[in-house]
Amino acid sequence: MAGRRTCRDCGRTWHTESAAPTRPNICDHCGGEPVQRHDDTLERITAGLQSYRPAAATTLNHYSSLGKLFSVDATLTPEGITTKAVA
């Protein structure tokens, strides 16, 4: 998430490592400038995860106590995950 950049002009998103624009700091779509959003900094992401974890644990515990929580192997293909989730 910290590598995400959003074009200031057209809003297209890029990633500094996995899907960077062809020319550094120039949007391939419109020629605008890809910028980092204020909430995409490592500090903001870390803080968000720290506040998310306790809430997620509460939710997981709730559904586990109802017998409605199950795990799915996330290394499967999207189709495999869907098949396991709806089985």
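**Note on cysteines and salt bridges**

1. Glu-33 counts as partly exposed, at 39% relative accessibility (buried means under 20% relative accessible area, exposed over 50%, partly exposed in between; 1.4 Å probe, protein chains only). This is a predicted model: local features need pLDDT of at least 70, side-chain atom pairs count only at pLDDT 80 or more, and totals for chains, interfaces and linings use all residues. Residues are numbered from 1 along each chain as its sequence is written, and side-chain values use heavy atoms, with hydrogens and water left out.

2. Glu-33 pairs with Arg-8 in a salt bridge, 3.3 Å from N to O (a side-chain nitrogen of Lys or Arg within 4 Å of a carboxyl oxygen of Asp or Glu). Arg-8 sits in the loop between β1 (4-7) and β2 (13-15), and Glu-33 in the loop between β2 and β3 (34-35), so the pair ties together parts 25 residues apart in sequence. Strands are DSSP runs (E, at least two residues), numbered from the N terminus. Arg-8 is exposed, at 55%.

3. The salt bridge count is four. Arg-37 takes part in one with Asp-39, at 2.8 Å between the closest N and O atoms. Arg-37 also bridges to Asp-40, at 3.8 Å. Asp-40 is buried, at 1%. Asp-39 is partly exposed, at 28%. Shared partners join Arg-4, Arg-37, Asp-39 and Asp-40 into one network.

4. There are zero disulfides (a disulfide being a pair of cysteine sulfur atoms within 2.5 Å). For Cys-7, the nearest cysteine sulfur is that of Cys-30, 3.5 Å away. For Cys-27, the nearest is that of Cys-10, 3.7 Å away. Cys-7 is buried, at 3%. Cys-27 is buried too, at 0%.

Definitions and conventions. Helices (H or I, at least four residues) and strands (E, at least two) are DSSP runs, numbered from the N terminus.
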